Amino acid sequence: MARTTHTVTNQPLPGGVRRLHGRPCPGRGGRRHLAPELLDEARESLALLGRATGSEQVREWGEQANENPPRLRTHDRYGHRVGEVHFHPAWHRILGRSVSAGLTDAWGLPGGHVRRAAGFLVATQAEAGHGCPLSMTHAAVPALRIEPELAGVWSRRPARTCTSGRCCPSRRSRAPCSGWR
């Protein structure tokens, strides 16, 4: 029989959907930096993201992603260098949902940078590691715009598509990412 040593008060109770933002969002920053006609839509999309991120399913994916770290595969079975990193499918699900929520497409939305910043803070509560590729994809757009020919081909791709578990432009098969709903 397990002995009780103390009452744990600093951890959330298991189960159920949690809303992952406490106040009406995007809060003061949103009111200051978004046009008034965008506030209701921004609040609603952020609330949707918060409910989804706080769901039991997404929290479970976050745990699975953290319990199964990426595995580096340097060579194939024939000894050829491949240099691939394999991530747990739960990590890809979380990343795909964040991409679908528009967190790599601030450039394409009115008030997109404020909305992306607030959404990023909410989405990374499920699993913080996927914030890196979200940020790199978002940050690549200005660099691509230096070369208009490349920008025309690449700047919209990372924002709207995910590749069968990998958000990577070099893969051939493309499928739209599933949304938060």
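Start at Glu-41, which counts as partly exposed at 48% relative accessibility. Here buried means under 20% relative accessible area, exposed means over 50%, and partly exposed lies in between (1.4 Å probe, protein chains only). The model is predicted: local features need pLDDT of at least 70, side-chain atom pairs count only at pLDDT 80 or more, and totals for chains, interfaces and linings use all residues. Residues are numbered from 1 along each chain as its sequence is written, and side-chain values use heavy atoms, leaving out hydrogens and water.

**Stop 1: salt bridges**

The term means a side-chain nitrogen of Lys or Arg within 4 Å of a carboxyl oxygen of Asp or Glu. Helices (H or I, at least four residues) and strands (E, at least two) are DSSP runs, numbered from the N terminus. Arg-115 is buried, with a relative accessible area of 14%.

Now select Asp-40 and Arg-43. Their side chains also meet in a salt bridge (3.9 Å, N to O). Both lie in helix α2, 3 residues apart, about one turn of the helix. An α-helix has 3.6 residues a turn, so residues three or four places apart point the same way. Asp-40 is exposed at 59% relative accessible area; Arg-43 is partly exposed at 25%.

Go on to helix α3 (residues 56-67), where Arg-59 and Glu-56 both lie, 3 residues apart. They form a salt bridge, with the closest N and O atoms 2.5 Å apart. Glu-56 is partly exposed, at 37%. The whole structure has 4 salt bridges.

**Stop 2: helix α2**

Color the buried residues of α2, among them Leu-38, Leu-39, Ala-42 and Gly-50.

**Stop 3: the cores**

Select Leu-46, Leu-49, Trp-91, Leu-95 and Phe-120, which are among the 12 residues of the largest nonpolar core. Such a core is a set of buried Ala, Val, Leu, Ile, Met, Phe, Trp, Tyr and Cys residues joined through side-chain atoms within 4.5 Å. Helices α2 (36-53), α4 (89-100) and α5 (112-123) each supply at least two residues of this core. α5 gives the most, with 4 residues. A second, separate core of 5 residues includes Val-58, Trp-61, Ile-94 and Ala-126.

**Stop 4**

Trp-91 is buried at 11% relative accessibility, whereas Phe-87 is partly exposed at 30%.

**Stop 5: the loop**

Finish at Gly-111, in the loop between α4 and α5. Gly-111 is partly exposed, at 27% relative accessibility. Then select Gly-30. The two C-alpha atoms are separated by 8.9 Å, though the residues are 81 apart along the chain.
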